[in-house]
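Look at the sequence and structure first, then read on.

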Amino acid sequence: MGCSTLYHLAKLGVTDAILLERNKLTSGTTWHSAAQVRALRSTRNLTDLIRYSVSLYSELEGETGQATGWINKGSLSIATSTDRLTHIKRQEALARSFGVAATSIDAGEAKERWPLMNADDVIGAVWSPDDGRVSPSDLCAALVKGARNRGAHVFEETGVTGILTKAGKIVGVETDGGTIRCEAIALCTGLWSRKAGAMAGVSVPVWPCEHFYLLTKPVDGINGNRPTLSDHDSHLYIRDDSGGLLVGCFESMGKAIDPELLGEDFAFQLLSEDWDHFEPMMLNALHRLPVLETAEVRMLLNGPESFTPDGSFLLGEAAETPGLFLGCGMNSVGVATGGGAGMALAHCIVEGHMPFDLGEASPSRFPECFSSVEALSARVPEILGTHYEITYPGRAHATARRLRSSPLEASFKTAGARCGQFYGWERPLYFDCRHEPKLTFGKPAWFDQVGREVAAAHERAGLFDQSTFGKIAVYGPDAESFLNRLCANDMTRPPGRTIYTAMLNVRGGFESDLTALRLSDERFRLYVGTGAIKRDMAWLGRNLKDDERVTLLDETEDYCVLGLMGPQSSDIARALGGTALMDIGYFRHAEVEIAGLPVRAARLSYVGEAGWEITCRQADGRRLYEALWEAGASPCGLYAQGSMRIEKRYLAYGHDLDTDITPLEAGLDFAVAWQSEFIGRDALLKRRDEGTASRMVSILFDDEDVVPLGNEPICLGDEIVGQTTSAAFGYRVGRPVALGYVGTTTPGVREGAKLHVDIAGELCRGTMSLSASFDPKGHRLR
């Protein structure tokens with residue numbers, strides 16, 4: 001990562017870039033990496049990073065004269081269970097959508113491509129011809145040579161002892177050879193990144209695990225290079241190595257190791273062999289490759305690799321300290337991703353933003369609680385194990401839970417909540433959960449319960465917890481003008497108004513979508529997404545001018561927010577003394593009293609049913625929740641909320657919105673005050689004049705039994721014309737519904753068109769609409 005970032009900075013003309021290495025280049029993890037390069041990832045942009053890597057690795061030798069060891073022999077993913085076959089067929093469909101070569105093949109053809117494999121239990125496979133591998137040490141040498149040729153410098157055996165900041169911004173580094181003044185630092189420090197980040201006051205949730213692979217002496221049947229064989233049901237990856245075999249694993253539960261135990265001089269050493277730990281994987285390998293029974297073992301390599309709490313790497317500027325950039329926590333994809341990730345990080349340093357949306361890798365996605373030794377050492381062994389897990393919907397982490405405490409936790413437990421973890425919080429997914437659900441790609445175990453919760457909110461009254469939403473106080477004499485510059489909507493509305501708005505970047509893309517309550521002439525409260533608080537606070541802070549009299553304050557944990565939604569909500573409010581709620585107009589808010597508690601109620605809905613979002617002091621949260629529940633409101637979870645918002649075509653940041661999407665594609669330009677001078681306006685006007693290449697649509701499926709999940713290709717005939725972003729069963733319309741973006745220039749893509757969604761290789765028909773699948777007209781407060 002460091003060598004790639006240096007190379008790309010130099011390529012962008014930053015000739016005074018330097019790389020500091022405490023030991024020698026490739027020490028730590030890089031030198032012993034298995035260095036597989038597999039293109040397909042879960043999103044188009046992550047996939048594009050690796051495709052860039054593939055292109056770079058194959059061209060570097062021609063540029064620098066230094067070989068990279070690039071070998072393009074493809075990869076073969078086999079399935080030995082029906083769910084694994086569904087999983088890899090979903091990957092194949094995704095690959096088609098992203099333009100990555102991938103083809104389903106049968107067990108016989110898979111055996112032909114890997115003759116040493118026991119294929120008796122193989123039921124299908126996917127062949128990816130463009131994948132390959134590289135020599136990590138040669139690759140770094142080529143990158144450094146290319147960087148030096150452009151004026152960059154490398155200092156080995158130079159340890160960093162401190163990071164210097166002034167007014168919270170980077171101004172330099174202290175090394176054991178002296179002080180260096182600089183404006184930006186990229187931490188590409190691998191498994192030591194947590195300690196390095198702390199020198200700049202930045203939490204970097206990275207922790208190492210032991211990673212194992214077996215190397216054999218030459219075996220009969222290995223002639224030349226073979227494709228990488230992925231047997232993920234057995235937790236294995238397999239390839240040739242110097243005429244023998246390399247058999248690596250991502251076992252179900254890894255072994256964490258404290259970096260302090262390794263010591264600062266840990267460079268080209270390895271950890272102790274642990275055959276007891278590797279034995280279950282060895283048995284799997286003997287089943288898949290019978291030739292291993294007689295193969296001579298060269299060594300069981302055990303080296304440390306760093307992981308994050310969610311299995312995605314960290315790439316971008318730290319929210320806490322401007323000028324500090326992270327390129328670390330690579331979760332065993334550092335070599336594959338490194339070329340593209342180094343390009344993206346260099347672009348971010350020079351241009352101030354990523355070349356395209358990479359929200360999955362944003363350093364701001366973790367709260368502080370994930371950076372503790374206790375949380376990391378518990379979570380990362382599980383993350384190593386999820387590397388090859390089947391990506392079932394509803395899959396949840398078991399470790400490092402309950403990191404943040406909600407005042408409603410006892411109420412959730414009484415109601416039988418099944419919770420998921422979001423930004424450290426435990427949020428109810430659904431209620432009345434009586435046993436551990438069996439995960440599946442078909443109709444989920446919670447299907448009927450979620451239907452009951454939707455029915456409650458649609459026919460009576462539902463109670464939704466939204467307390468984890470980020471809450472930001474923006475106040476001061478210049479609060480209005482400041483927010484008018486940052487927000488696309490008109491923020492000059494009088495106190496008592498509720499405003500839905502976007503904050504856009506200079507390219508017109510969404511940095512955030514939020515709801516703002518104007519509390520007084522000089523005070524606003526912004527409600528942002530649960531996982532957006534650190535990112536949005538940083539965005540606001542970095543765009544605040546020195547002479548603007550504005551204060552920003554994170555109030556997230558000061559308040560609870562409860563959604564009371566449904567036609568009987570008014571009856572419940574009246575019964576609890578909240579008659580004043582009836583006087584609040586749509587997108588208005590007011591201080592009122594309900595259940596004897598002071599609250600601020602806003603008249604709006606995220607589920608397409610009339611009601612209020614009610615904010616109270618955190619200390620009053622449980623009392624208010626239980627009062628509403630006892631008065632007849634039914635607890636509803638995130639799955640019900642998700643189904644209802646998709647039916648109503650309400651969009652969610654991170655699914656349907658990101659930094660590349662503008663309000664024009666999303667159909668949210670109704671919330672743009674074109675007369676205002678806000679960040680992103682010029683780009684948005686240009687996009688409006690030129691026309692957009694895609695637009696948001698709803699798709700209502702014909703077959704009520706199909707199970708779309710989102711992130712699937714949308715097809716018109718044989719042509720892929722778009723991709724879904726969110727999907728759920730729509731209980732109010734009685735059929736599955738998906739949201740997604742389709743191209744605007746393809747003939748036949750129009751209102752009412754019959755499109756197909758590729759769900760694990762099955763083309764499922766639906767009707768496209770530019771409006772919501774569910775129209776709540778007639779469903780009003782009583």
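**Aromatic rings in brief**

A search of the whole structure, which is a predicted model, finds 19 aromatic pairs. One of them joins F447 and F729. Their ring centres lie 4.9 Å apart, with 70° between the planes, and the pair is edge-to-face.

**The F447–F729 pair**

- F447 belongs to helix α12, which covers residues 447–459.
- F729 belongs to strand β35, which covers residues 719–730.
- F447 has 14% relative accessibility, and a residue under 20% counts as buried, so F447 is buried.
- F729 has a relative accessible area of 18%, so F729 is buried by that cut-off.

**A further partner for F729**

- F729 also pairs with Y731.
- The ring centres of F729 and Y731 are 5.0 Å apart and the planes stand at 65°.
- Planes over 60 degrees apart count as edge-to-face, so the F729–Y731 pair is edge-to-face.

**An aromatic cluster**

- Which residues form one aromatic cluster?
- The members are F412, F431, Y625 and W629.

**Charges over rings**

- K443 places its charged end over the ring of F447, 4.6 Å from the ring's centre.
- R113 lies over the face of W127, 4.1 Å from the ring centre.

How values were computed. Residues numbered from 1 in each chain as written. Predicted model: local features only at pLDDT ≥ 70, side-chain atom pairs only at ≥ 80, totals over all residues. Heavy atoms only, no water. Phe/Tyr/Trp six-rings, centres within 6.5 Å; stacked < 30°, edge-to-face > 60°. Helix = DSSP H or I, 4+ residues; strand = E, 2+ residues; numbered from the N terminus. Buried < 20%, exposed > 50% of the residue type's maximum accessible area, 1.4 Å probe, protein only. Lys NZ or Arg CZ within 6 Å of the ring centre and 35° of its normal.
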